Amino acid sequence: MTSTDVTPSLFDSVALSRGSYCEAFSAQRQPRGHWQPILGALDAIGGDALRQHHERAKRMRHEDGATINPFDETTERSTSWALDMIPLPISETEWTGIEAGLTQRALLLEKILADTYGPQALLRNGSIPPELIFANGNFLHSCHGIQPSGGRFLTVYAADLYRGEDGRFRVLRDYASNPAGLGYALENRIVMSRVFADLYHRTQILRLAPFFQTFHRALISRASLRIEDPGIVLFSPGPDSPLYFEHALLSRYLGYPLVEGQDLTVRNGKVFLKKLAGLEPVEAIFRHIPDLSSDPFALRRETANGVAGLIQVCREQNIDIVNPLGSGFVDTPVLKTYLPILCRQLLSEELLLANHPAWWCGNSEGLQHAMDNLGQLTVESAMGQAIDLAGPVDILTAIKTKPSQYMVSAPLAPSLAPAWEHNGVRESYTLLRVFACATEHGFAVMPGGLAITAGDAATLRKNCPEKQQSKDIWVLSDKPVEPFTLMDGFHTISEFRRSNDLPSRVADNLLWLGRYLERAEGLIRLLRSVYRRLSGEDRPQDIPELQFLLNILQTKNIIPKTPDADISQLLFRQLTEHLHTALYRKDRPESVISILKRVQQTARNVRDRLSVDSSRVINRLDDFPDTPLGDPLELLDKTLFTLSAFSGLAMESMTRGLGWRFMDMGRRVERAMNQAVLIRIGLPQVCGDSRNTLQALLEVSDSLMTYRARYKSAFQLAPVLDLLLADESNPKSLAFQFSGLADHVEHLPRLSERRFSCSEERIALQMLTTVRLLDLTGMKCGEEKTQQESLATFLVSMETLLKEFAQQVSGHYLSRVPATPHYTMISGDRLE
Amino acid sequence: MKYRILHKTGYNYSAPASLSQNELFLYPRQTPTQEVLDCQLTIVPEPQYLHRRIDYFGNTVHVFMVQHPHNELAMSATSIVRTSRPVTPAPEKTVAWESVVQRLAGHKQPVELEASQFVFASPLVTVNSSAIDYARPSFAPGTPVLGGAVDLVRRIFTEFSYDKSASTVDTTVEQVLVNRKGVCQDFAHLAISCLRGLGLAARYVSGYLETVPPPGKQKLVGADASHAWISLFVPDFGWVDLDPTNNLITNETYITVAWGRDYGDVAPVKGVVMGGGVHMLSVMVDVRAQCEGEK
């Protein structure tokens with residue numbers, strides 16, 4: 001430290017490292033010009049405040065649900081998206097260089113793609129080796145000859161850059177198939193501009209929003225789409241994708257509906273989105289799914305996420321896909337070693353952004369270099385397919401056997417930048433993921449991007465976002481920047497669209513979410529009643545209503561059926577064991593923990609439709625143990641509370657549109673079924689011991705308070721049944737559910753305008769009318785056996801109708817038929 | 001020879017299929033030894049969408065979609081072709097296999113570059129040491145390339161048993177090598193894997209073969225089948241077709257439909273069906289020699 005300045009700085013701890021460029025400080029430990037305002041500002045904010053900012057930013061990302069789902073599925077826990085508080089500033093002069101280099105590279109790569117999927121002159125004239133096309137899984141034969149819309153073969157492009165020791169930027173990797181990170185860059189900017197609102201607005205930082213606007217406008221004009229309500233969708237592999245958060249964020253920000261493979265279908269050589277009211281044409285797809293998974297019909301048939309026939313639609317030029325299918329050719333690692341020559345040949349220019357030094361083992365010079373320097377080089381797959389370099393396999397032999405499949409590259413020594421970690425500043429290796437999109441005339445580069453950081457260069461090289469951190473890249477302008485609010489987006493029109501239609505898949509998941517929630521709540525109430533009784537001083541056989549409660553559990557297959565169905569035979573210990581199974585066993589489909597898992601899964605599938613708060617509540621269900629731990633009664637109470645909180649938040653925050661209707665419909669169907677079964681099973685027993693069983697029936701139906709408030713009298717059969725069956729003002733009654741269902745079906749989109757023309761409408765009306773006409777007067781225990789029998793018949797018929805109702809709704813609106821591939825087998829002939 | 005080929009594929013679904021999408025490689029290729037006089041494609045129910053194109057390898061492909069509920073689907077192709085006996089070089093007179101490998105790697109001539117795409121592993125034909133080891137005995141140093149291939153095909157014919165029950169569409173080359181049995185598709189894949197492993201260019205050919213009933217027996221309609229064999233690149237000559245299933249260099253009784261890197265490129269019928277429950281597949285092929293003038 002040569003400086004005489006004695007003011008202590010947060011950055012005093014930063015050590016200059018040999019072999020790597022230091023982003024923030026010169027070799028003389030002087031802060032670089034474009035870092036000065038940021039270092040100064042951070043020092044002024046101070047360590048304590050930064051710590052708070054860090055926590056705040058973490059909370060914000062958590063609330064936004066910004067996660068990386070783990071690649072390793074066994075952990076089942078998602079990792080938070082790690083954003084560092086210290087941005088990575090780049091001066092505008094330097095950025096201009098990056099911009100020019102990236103634009104040139106995008107133009108070059110697009111020309112290469114156009115040739116590869118067209119005349120293949122580069123192959124014929126020997127500019128590229130045959131292996132690059134014929135032995136490369138990234139070249140898709142079925143995409144050859146396809147003319148993409150607007151003649152644009154590359155419409156979004158990303159590259160990983162690093163700054164070498166000499167201070168120059170080099171390209172480590174190119175991405176075209178489905179570049180990732182655009183959404184995380186956006187999230188970083190949103191969080192940073194909120195946390196450092198003051199600094200952000202004082203500093204002249206180029207805004208990201210105009211880039212997204214350019215992207216959108218170029219797509220509209222290229223594909224000749226309507227300005228209002230263009231048929232663009234964002235195609236995600238779904239919630240199981242590690243980057244699902246990014247897809248959901250981009251979908252919201254760009255206003256492109258988030259769809260999955262099963263939402264789309266191909267008819268007449270065109271793509272359609274399956275919605276409740278029917279098929280809606282799709283004219284452009286912003287895909288976040290790799291080339292090979294995009295079309296199970298033409299490409300890999302084992303893929304579950306694609307759309308069968310998508311490539312055929314491309315052949316017919318009926319869709320604009322960003323990026324066009326087959327563009328993953330650009331991702332081929334070895335391609336970049338040919339770019340310097342191809343740049344001269346195709347653009348008559350020198351390549352502006354140099355590559356990270358790499359050699360292909362498929363030619364003799366490259367192989368020689370690899371053999372001579374193997375110890376200092378990193379061996380990689382040349383074509384990007386998975387290669388197993390671990391274990392006892394001799395790498396030298398592997399390379400010699402199939403040299404064209406390997407490439408070697410120089411050690412990576414990226415620059416170091418200050419990073420905030422555990423209350424202090426340390427140095428972190430840094431890559432820059434930068435993005436470009438096609439414009440009418442060429443390419444536009446996003447002024448900023450995603451800085452990816454890690455404590456060691458090896459982690460940086462790997463594709464493991466859960467082990468890396470990130471920074472927001474700030475491109476500092478010399479001129480004042482035009483204010484452009486990120487959050488407003490540019491798609492303000494969509495805010496006012498009250499489209500009353502939604503994808504069938506979403507409706508299906510919401511319906512089941514409603515059903516599972518209700519199922520979980522019902523079961524928990526039932527088990528809670530059982531535990532309450534067992535926790536008293538009475539012996540099981542002395543609790544008359546226990547038989548009734550256990551009968552219900554047995555009927556629902558939650559505890560095993562005993563041969564004589566008599567609880568006096570059931571030992572207390574046995575019973576406890578059964579109940580534990582009902583609570584904690586993951587392998588039992590009807591156990592509490594299994595149903596809770598299904599609640600979480602379905603909620604996850606529609607995460608983008610639920611409020612942030614409700615998504616947070618659902619994560620608390622993770623705490624439900626899978627082994628007996630503590631007081632089950634307490635656990636059941638707590639879980640019921642969480643579920644109620646979730647239902648309340650989810651329902652409250654949803655507009656009363658179709659999504660809400662489907663979720664509520666699921667709940668009503670499940671509750672009505674549950675209620676019908678409860679009463680049917682309880683009926684023969686209530687008369688044996690009227691008081692206790694009736695009370696238990698009211699208790700598990702959550703109607704005890706209502707009954708007491710209304711009748712203030714002893715429990716009697718007729719009023720209890722009236723409350724649970726016919727009272728339309730009791731939200732737990734059968735009549736209430738039927739009336740809700742009748743209202744819902746009336747509001748579903750339908751093909752025929754005539755009322756009651758579809759079967760689910762007729763069934764709902766039939767159930768509602770039957771329960772309204774139900775005569776319960778004089779219903780008493782004792783002689784009137786026939787009355788009880790006719791009630792039982794009524795309940796059975798209601799259960800049948802409910803099942804049929806659910807089937808009709810699924811069949812009409814949600815039909816998700818599985819796709820089966822078929823191939824003929826060639827057995828051939830053998831001559832006799 | 002003039003042939004009339006009828007190739008029928010039928011699907012019966014246990015439940016109505018709502019959407020069916022299919023790709024057909026049933027239209028025979030025009031080659032120096034094969035003239036396609038006519039080819040008619042009939043699909044029942046009539047598809048709402050039908051598209052025809054020439055693929056990367058020059059094959060004719062039809063893609064169609066039936067978009068309304070249907071319980072069965074029938075596709076039939078009726079082709080009339082005239083074949084002639086291919087001229088093939090004497091196997092022992094062809095150049096040494098090593099020099100073929102070199103010429104393909106050097107690919108100085110456009111035909112060699114064109115052929116070199118069939119040197120590499122493809123999705124269904126892996127190339128690994130076990131296949132190379134199997135190929136070696138047929139390719140001693142200096143062996144004429146076609147001589148070696150003829151011997152390889154002979155060994156596959158004698159050492160592997162023909163067994164329809166042993167294979168599925170997904171049977172791999174490794175499995176065939178271990179099990180020592182399979183059908184024509186498996187033998188073709190194995191032979192291709194062996195040849196590519198050495199650095200030679202070999203492609204997969206899909207087509208038909210006229211079968212002759214045993215003496216005194218009448219030929220049964222539909223007794224034929226789709227067939228598959230291989231084609232080997234011989235420099236300064238072109239491609240020579242060999243049939244590992246029957247230990248033959250192909251003749252005028254072979255009708256070529258399509259070729260590609262492996263079965264996956266040229267499956268005669270492949271498709272995706274939405275719904276439909278359980279599928280019952282029926283395939284019927286009939287290859288009839290025609291008199292000239294007969295329609």
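Modeller: Chain A is assigned domain 1 (67-356 + 412-495), domain 2 (510-653) and domain 3 (656-814); such bounds come from an automatic or database domain assignment. This is a predicted model, in which local features need pLDDT of at least 70 and side-chain atom pairs count only at pLDDT 80 or more, while totals for chains, interfaces and linings use all residues. Residues are numbered from 1 along each chain as its sequence is written, and chains are lettered from A and ligands numbered from 1 in the order in which they are written.

Biologist: How do you know that domain 2 of chain A touches domain 3 of chain A?

Modeller: Two residues are in contact if their C-beta atoms, placed from the backbone, lie within 7 Å. By that criterion the contact takes 23 residues from domain 2 of chain A and 25 residues from domain 3 of chain A. The C-alpha centres of these two domains lie 22 Å apart.

Biologist: Which elements supply the side of domain 2 of chain A that touches domain 3 of chain A?

Modeller: Helix 16 (504-534) and helix 17 (546-555) of chain A each supply at least two residues of that side, and helix 16 of chain A gives the most, with 13 residues. Helices (H or I, at least four residues) and strands (E, at least two) are DSSP runs, numbered from the N terminus. Under that definition chain A has 28 helices and 22 strands.

Biologist: What makes a residue on the side of domain 2 of chain A that touches domain 3 of chain A nonpolar, polar or charged?

Modeller: Ala, Val, Leu, Ile, Met, Phe, Trp, Tyr, Cys and Pro count as nonpolar, Asp, Glu, Lys and Arg as charged, and the others, Gly among them, as polar. The side in question divides into 11 nonpolar, six polar and six charged residues.

Biologist: Why is strand 4 (residues 156-163) of chain A called largely enclosed?

Modeller: A residue is buried if 20 or more other C-beta atoms lie within 10 Å of its own, exposed if 12 or fewer, and partly exposed in between, with C-beta atoms placed from the backbone. Eight of the eight residues of strand 4 of chain A are buried, and the strand is therefore largely enclosed by the rest of the structure. Both of its faces are covered, with A:Val156, A:Ala158, A:Asp160 and A:Tyr162 buried on one side and A:Tyr157, A:Ala159, A:Leu161 and A:Arg163 on the other. For chain A as a whole, 45% of the 832 residues count as buried.

Biologist: How do you know that strand 4 of chain A pairs with strand 18 (residues 424-438) of chain A?

Modeller: Two strands pair if DSSP finds at least two bridges between them. Six bridges join strand 4 of chain A to strand 18 of chain A, and the two run antiparallel; A:Val156 has A:Cys437 as its bridge partner there. Strand 4 of chain A also pairs with strand 5 (residues 169-175) of chain A, antiparallel and over six bridges, with A:Arg163 partnered by A:Phe169. Strands 4 and 5 of chain A form a hairpin with five residues between them, and A:Gly167 in the turn has a positive phi of about 90°.

Biologist: What makes helix 6 (residues 182-195) of chain A close to its expected span?

Modeller: The expected span is 1.5 Å times one less than the number of residues. Helix 6 of chain A has 14 residues and reaches 20 Å from its first C-alpha to its last, close to the 20 Å expected. This helix is mostly covered, as 11 of its 14 residues are buried, including A:Leu182, A:Tyr184 and A:Met192.

Biologist: Why are strand 11 (248-249) and strand 12 (254-260) of chain B said to stand at the edges?

Modeller: In chain B, five strands form an open antiparallel sheet in the order 11-10-9-8-12. Strands 11 and 12 of chain B each have a single partner strand, so one side of each is left without a neighbour in the sheet. Strand 10 (residues 238-243) of chain B pairs with strand 11 of chain B over two bridges, and B:Asp243 stands opposite B:Leu248.

Biologist: How many residues does each chain give to the contact between chain A and chain B?

Modeller: The contact takes 30 residues from chain A and 48 residues from chain B. Strand 22 (819-823) of chain A provides the largest share of chain A's side, five residues.
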